[in-house]
Amino acid sequence: MIRIIPLILSLVILTSIPSEGYAKTDTIYIGILPYYAPDKIWLFYKPFIAYLNKATGLRWDLRLYHNYDAMIEGVCKGEVSIAYLGPNPLGIAYERCKIKPLLVALGEDGKPYYRSVIFTIDKGINSLKELKGKTFAFGDKDSTSSYIIPRKILEDNGITMQMIRPLFLKSHEKIIEAVMRNEAVAGATKVSVFGIFKGSGLKALLTSEPLPNHAFCSSGADRDTEERFKKVLLRLKPLNQKDRAIMQKWDPEIRYGFAIPPDDYIERALKLHELSKKYND
């Protein structure tokens, strides 16, 4: 028995050493913008959290919010240390509490941009002008890709809110479901979310110009946590088979790697936020 005890103690010490030599700390919470239903966010982000736990040696977990306003409020109250935000919500949070973008997600083309898409399932509709008088599904009024940009696109094509029947829904998934159930003739979402439903009969009517992509932002994390977070995500290379296997079950939004935000990132996000003010007065 005397010989066994040192062996057991050695095993306990070895298994308690976190990866990269970091020490475990209190739980660090990450907030994810609710553009999916909560169960889908858990599905996509639990593997992401598991990777962070292993790679940084810190203890991470998710904190979910039921809408954009609640999340932005939680971010500025310090309920989460890292937040994943789209450009307009980021602009709002930046104005309120000066959050700091850490990493911007890359698209499938390797660039830090994404696009909004207006779509339908109605085979008889082939242009935006044919949406007049029809029900159109939008997302949260703070959403860049499911409200602000599609509303601007519609107006640029001569279609005001008075010419359609707007239907506001809580998530991008619900927008797509509403169109597929014929509760709305058309709707708007992100191209990446639209792609999840490829083969379901949906068709794009118009795709926006590139928009600054979603970013992970610091809303109270200490410098050491920020650096560890950036380090373990920047080293992932989706073209590498091993890294691609790690990321394959993550949200399609974040499967293509990350980059340091471009110098004009905040400026572009704030411009979109100014546009949102026009539509939310």
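This is a predicted model: local features need pLDDT of at least 70, side-chain atom pairs count only at pLDDT 80 or more; totals for chains, interfaces and linings use all residues.
Helices, of at least four residues, and strands, of at least two, are DSSP runs that are numbered from the N terminus.

The largest pocket has a volume of about 480 Å³, and its lining is made up of 18 residues, among which Gly107, Glu108, Tyr113, Val191 and Ser192 lie nearest the centre of the pocket. Two elements, strand E5 (113-114) and helix H7 (191-196), each supply at least two residues of this lining, and H7 gives the most, with four residues.

The second largest pocket holds about 180 Å³ of space. Its lining includes Ile149, Lys152, Ile153 and Asp156, together with Ser208, Glu209, Pro210, Leu211 and Pro212, and also Arg268 and Leu272. Helix H5 (144-156), strand E11 (211-212) and helix H10 (265-279) each supply at least two residues of the lining of this second pocket, and here H5 gives the most, with four residues.

Which element gives the most to the lining of the largest pocket? That element is helix H7, which supplies four residues, while in the second largest pocket the element that gives the most is helix H5, also with four residues.

Notes: Residues are numbered from 1 along each chain as its sequence is written. Side-chain values use heavy atoms; hydrogens and water are left out. On a 1 Å grid over the protein atoms alone, a cavity is a set of points where a 1.4 Å probe fits but cannot get out, and a pocket is an open set with protein on both sides within 12 Å along at least five of seven lines; lining residues have an atom within 4 Å of a point. Grid points are joined across faces, edges and corners, and a volume is the space filled by probe spheres set on the points.
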